[in-house]
Amino acid sequence: MAGLVARNARWEGQKDYRLLPVTPSMESTGASREFESQVLSVEPIMGDAVLLTVSAPAAVLSRLKPGQFFNIVTRFPGSWDPLLRRPYSVYRSHHDTSALTFLVRPFGRGSAWLSERLPGEQIGMLGPLGNSFTVSNRAQRLLMIGGGVGVAPLVMLSDEAATNGLDVVFIMGAATEDGLLAASELSNRIEYVVATDDGSRGHRGLATEVLGDYVQWADQIFACGPEPMYRTLRAVVEPLRINRKPGIQVSMERGMACGLGACLGCVVETTRGMIASCVQGPVFDLDEVIL
Amino acid sequence: MSTAATPDLSVDLAPDNSRELRLRNPVIAASGCFGYGEEYSGIIDINRLGAFVSKGITPERRAGNPMPRIVESPAGMLNAIGLQNPGIHGFVKKYPPMWARWTVPAIVNISAELVSDYAMMAAILDEQPAVAAIELNVSCPNIARGGYCFGWDPLMSAEVTRAVRAATTLPLIVKLSPGAPNIASVAVAVEEAGADAISLINTLVGMAIDVRARKPLLANHTGGVSGPAIKPIAVRMVYQVAAAVRVPVIGMGGIMGLNDALEFFLAGASAIQVGTGIFVDPGLPIRLIDDLARWLDGEGFSSLDQIVGIANDGFRSGQERPLATWESLGV
């Protein structure tokens, strides 16, 4: 969700910035759902991305649902640039250690800043925000399809589904093998199907090309990735569906300001009108989204 | 949390209006940044705010602009939301009844393209007990004058202010456009036309271009620049306007903390609005109230009005001034 900022605009002299201590500001902020997290670990994943694990209050974890996101401050205290928070959906929650993991790829200045944090530093969080994926009571077979860092919320959803004894097929596409999620990141109960543009692993081509085999198997489909992927998804799935089954839920990627439905800067055009993706999304029924 | 700080933060923003606009403190959530209040009601204690201003309401419902509607800029942002709102009639059904249960004063921001539409909306709002005041957005194209922005011209700003004044006895705040070549003369004109207070500044019109796609980043091409990047411009304009008029001035533009707020008070603002800062830091307006009380107490002031305008030699002088001087031109 880093669409707001110019890509590849990494700072000059960023190593010097990294040495500055980040002042914790633990005073009351005056707002609920706002808290300071401590960075617990930063591990490389999927090429140039990182898994950023931060502390979070138990109360936050207990109400967090897959597909929800946090609006994260991506600058040093006292700096107003880059100004806006960045929305990140949760990759994984850890109830045992009271922590959250985010998948961060350095696209622009905010994500680059976030991906360069070190354990012990403080990060300003607002959340959980937004709606969530909804797994139907009658669904047993769930099909996930993720593009790039879009896999993040699907990992948390798959974790929960596997724990609840549901059958999960997880399809992921990337340019090359390096960009794929390692199979070890998913429960061994989950069938993991991959596609790469160069054929370095799995199917050679787009993830949406292997999708067809699973559509009629699935009770529900969940997707997260760039918008062109949803157009392809719709084109592939539509001829295979009967009475709009299986249903398809997608997480829409939008640049945001407030994250609370006030600014209407992140709307998604739907059959119901222009809808704030931060509050009534980011998860939408693909059938109602106008792409 | 708040300590024993006891200075008087209250402010009267419509001293000459019998319907009054007395706020318990000078911190107001700005239009467009606070929705209709309910969006933040679960995040902060909105009843602690001095007041809040609704999103801009128009005569008819508006779907708003296509996406993208916002883009970040250095220490700021551009927005072109396009006044997405339910229109005055849909608005009146939904929000004032909700506000009636709150204690925080609700100010309604109105926008239109015709003087008669502004007056029509003001007349409707006049009958709403839950509406504390109107903020008139004059940064709109006047379609009867070829789309020239009302707020850029003293006479057009005065015309719309006069029409709204005739349609309502509600406290009336006119929100000035920083695009005016001489903002003080617009301020004087709307004061004479019946404004109870003046707020400024609205966003500055800007643009950002996607170099790779070779086209503007915003679907609307241009958008309003806000945030810390515009603060010096806002402080300067508040300084000039506060010297030229006698009605209370409400300052805004890039306030992110106590020091920023103090600059506006010292320049002559009786109250402030926080906009973009709320997006980034939702707790900011409440924290500003506490920080301001603590600061005044620590500096030995017993009330906010003791610091308003003290950095402004001409504060509330209302003097006729040359349209420009070397000083006013920043030379």
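1. Where is the place of A:Asn243 in chain A? A:Asn243 sits in the loop between α6 and β13 of chain A. I'd look at its backbone: A:Asn243 is not a glycine, yet its phi is positive, at about 50 degrees. A:Asn243 counts as exposed, because there are 4 C-beta neighbours inside 10 Å. A:Arg244 is placed in the loop between α6 and β13 of chain A as well, and its phi is near 60 degrees, again positive in a residue other than glycine. With 11 other C-beta atoms within 10 Å, A:Arg244 is exposed.

2. A word on confidence before the folds. This is a predicted model, and the predictor assigns the complex an ipTM of 0.92 and a pTM of 0.91. Chain B has a mean pLDDT of 95, with 98% of its residues at 70 or more. For chain A the mean is 89, and 90% of the residues reach 70 or more.

3. Where pLDDT is low, the predicted coordinates should not be read in detail.

4. Now the overall make-up of chain A. Its secondary structure comes to six helices and 16 strands. Of its 291 residues, 51% are buried. Among chain A contacts with a separation of 6 or more, 66% are between residues 24 or more positions apart.

5. One open sheet in chain A has seven strands with antiparallel pairing, in the order β4-β3-β7-β1-β2-β6-β5. β4 (86–89) and β5 (92–94) of chain A stand at the edges with a single partner strand each, so one side of each has no neighbour in the sheet. From one strand to the next, the twist averages 35 degrees. Inside this sheet, β1 (residues 34–45) and β2 (residues 49–55) of chain A pair in the antiparallel sense over six bridges, and A:Glu43 stands opposite A:Leu51 in β2(A). Helix α4 (residues 152–163) of chain A lies across β4, β5 and β6 (99–104) of chain A, at about 50 degrees to β5(A).

6. Another open sheet of seven strands in chain A has mixed pairing, in the order β11-β10-β9-β8-β12-β13-β16. The edges here are β11 (203–204) and β16 (283–285) of chain A; each has a single partner strand, so one side of each is left without a neighbour in the sheet. A parallel pair to check is β12 (residues 220–224) with β13 (residues 247–251) of chain A, joined by five bridges. In that pair A:Cys224 stands opposite A:Ser251 in β13(A). Helix α6 (residues 227–237) of chain A lies across β8 (141–147), β12 and β13 of chain A, running at about 155 degrees to β12(A).

7. There's also a hairpin: β14(A) and β15(A), with two residues between them. β14 (residues 267–270) and β15 (residues 273–276) of chain A pair in the antiparallel sense over four bridges, and A:Glu269 stands opposite A:Met274 in β15(A).

8. Two peptide bonds deserve a look. The one from A:Gly127 to A:Pro128 is cis, with omega near 0 degrees; A:Pro128 is found in strand β7 (residues 122–129) of chain A. A cis bond also joins A:Gly281 and A:Pro282, with omega about 10 degrees, and A:Pro282 lies in the loop between β15 and β16 of chain A.

9. On to chain B, which has nine helices and 18 strands. For 331 residues a compact globule would have a radius of gyration near 20 Å, and the 19 Å of chain B agrees with that. Along its principal axes, the C-alpha trace of chain B spans about 55 × 50 × 45 Å. Of the chain B residues, 59% count as buried. In chain B, 71% of the contacts between residues at least 6 apart in sequence join residues at least 24 apart.

10. B:Glu192 is partly exposed, with 13 other C-beta atoms within 10 Å. B:Glu192 and B:Arg162 are 30 residues apart in sequence but 8.8 Å apart in space, C-alpha to C-alpha.

11. Last, the interface. The contact takes 28 residues from chain A and 34 residues from chain B. On the chain A side these divide into 16 nonpolar, eight polar and four charged.

Conventions:
Residues numbered from 1 in each chain as written. Chains lettered and ligands numbered in written order. Predicted model: local features only at pLDDT ≥ 70, side-chain atom pairs only at ≥ 80, totals over all residues. Buried ≥ 20, exposed ≤ 12 C-beta atoms within 10 Å, placed from the backbone. Contact = placed C-beta atoms within 7 Å. Nonpolar A, V, L, I, M, F, W, Y, C, P; charged D, E, K, R; others polar. pLDDT = per-residue confidence, 0-100. Rg over C-alpha atoms; globule rule 2.2 N^0.38 Å. Pairing = 2+ DSSP bridges. Axes fitted to C-alpha atoms, helices over the stretch in contact; angles between N-to-C directions.
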